Amino acid sequence: MMGQLEGKTAVIIGAANPGNMGQVIARLFASEGAKVMVAGRKEEPLAALAEEIGGSYGLCDITQRDDVHALAAKATSEFGRVDAAINCTGWALLSNLLETTEEELDTIADLQFKGVHHFLQAFVQAMSDQAPTGGSIISLSSATTKCLINNHAAYIGTKRAGEGMIECVANDFGHLGIKANSVSPAFTQSPMTEGAFATPGLVDAFLPKYPLGRLNTSEDVAHACLWLCSDHAFVTGQNIQPNGGVTIRGNPQAKDIEAAVGAAMAKAAE
């Protein structure tokens, strides 16, 4: 039985940390027949992953325009074409608006605003040259842009900006066969959230907010990306929410989280 991406190629940026969402997506895409190039800032884990999945890798800091354009050129040269490009980078900055420093603001804007623009510019250009068959572009966003959580103003603001740019790409370049969508995980266990998941009671505050009864996994997100990059998804300019319905009920707020963590700590102390 042929895989859903048999004969296709994909570039996944943000796959340099073992076990992160980018790596999960890369493994799924490779298992479905795609030739995958993984990218990020750390050569050793990228090289290991590329060898594991029979793909290749490229070093790329998404905040650097020249890096991203060089990556698109490398993928085009190596594969002949780029059928899918996925941006999995992000920084879960937890910071009160009044306490956020200019340095933090510059860092997150470089990553989640300018970096997304670099990514879209490079891969829209690469896929424009493939018209009319285009390709599929995805940038990971966050459920928090639809269901707010406290102390995430800079994070949510830049993620929403990324969603807006995705919509513009869909509108401006759809005639070339380019699909552009954002995919929004919610509170997902990953290397980036290990500390949060280790906090007693924290998950308890989130679980009741999910109509499907569990938190989404990285695999849930990867399968949403797989569908969007397959020939079965006649979808563009959308924000896909593979997160168990949390946007219906909304995220817990700071007081809810404090209460759940406090109750868990009190129980542990008994």
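## An asparagine with positive phi

N151 is partly exposed, with a relative accessible area of 34%, in what is a predicted model. The residue lies in the loop between β5 and α5, the latter helix covering residues 153-173. Although N151 is not a glycine, its phi is positive, at about 60°.

Another backbone feature is found at the peptide bond from A131 to P132, which is cis and has an omega near 10°. P132 itself is placed in the loop between α4 and β5, the strand that spans residues 135-140.

## The chain as a whole

The protein chain contains ten helices and seven strands. Its radius of gyration is 19 Å, close to the 18 Å that the globule rule gives for 270 residues, and the chain is therefore as compact as a globular protein of that length.

Of the 270 residues in the protein chain, 51% are buried. When contacts with a separation of 6 or more are considered, 70% of those in the protein chain are accounted for by residues 24 or more positions apart.

## The packing of α3 against α4

Helix α3, made up of residues 65-79, packs with helix α4, made up of residues 102-128, at an angle of about 30°, and their axes are 9 Å apart. Because angles under 35 degrees count as roughly parallel, α3 and α4 are described as roughly parallel to each other. The crossing of these two helices, α3 and α4, is right-handed.

On the α3 side the contact involves R65, V68, H69, L71, A72 and T76, which meet H118, F119, Q121, A122, F123 and A126 in α4. Sorted by class, the contact of α3 with α4 comprises seven nonpolar, four polar and one charged residues.

C229 belongs to helix α8, which covers residues 218-229. With a relative accessible area of 5%, C229 is buried, since the cut-off for that class is under 20% relative accessible area.

Apart from neighbours within four places in sequence, the residues in contact with C229 are L5, K8, F29, A84, I86, S136 and I138. By comparison, Q64 is 165 residues from C229 along the chain, and the C-alpha atoms of the two residues are separated by 26 Å.

Note on methods
Residues numbered from 1 in each chain as written. Predicted model: local features only at pLDDT ≥ 70, side-chain atom pairs only at ≥ 80, totals over all residues. Heavy atoms only, no water. Axes fitted to C-alpha atoms, helices over the stretch in contact; angles between N-to-C directions. Helix = DSSP H or I, 4+ residues; strand = E, 2+ residues; numbered from the N terminus. Parallel < 35°, antiparallel > 145°, perpendicular 65-115°, else oblique. Left-handed = near helix turned anticlockwise from the far one by under 90°. Contact = heavy atoms within 4.5 Å. Nonpolar A, V, L, I, M, F, W, Y, C, P; charged D, E, K, R; others polar. Rg over C-alpha atoms; globule rule 2.2 N^0.38 Å. Buried < 20%, exposed > 50% of the residue type's maximum accessible area, 1.4 Å probe, protein only.
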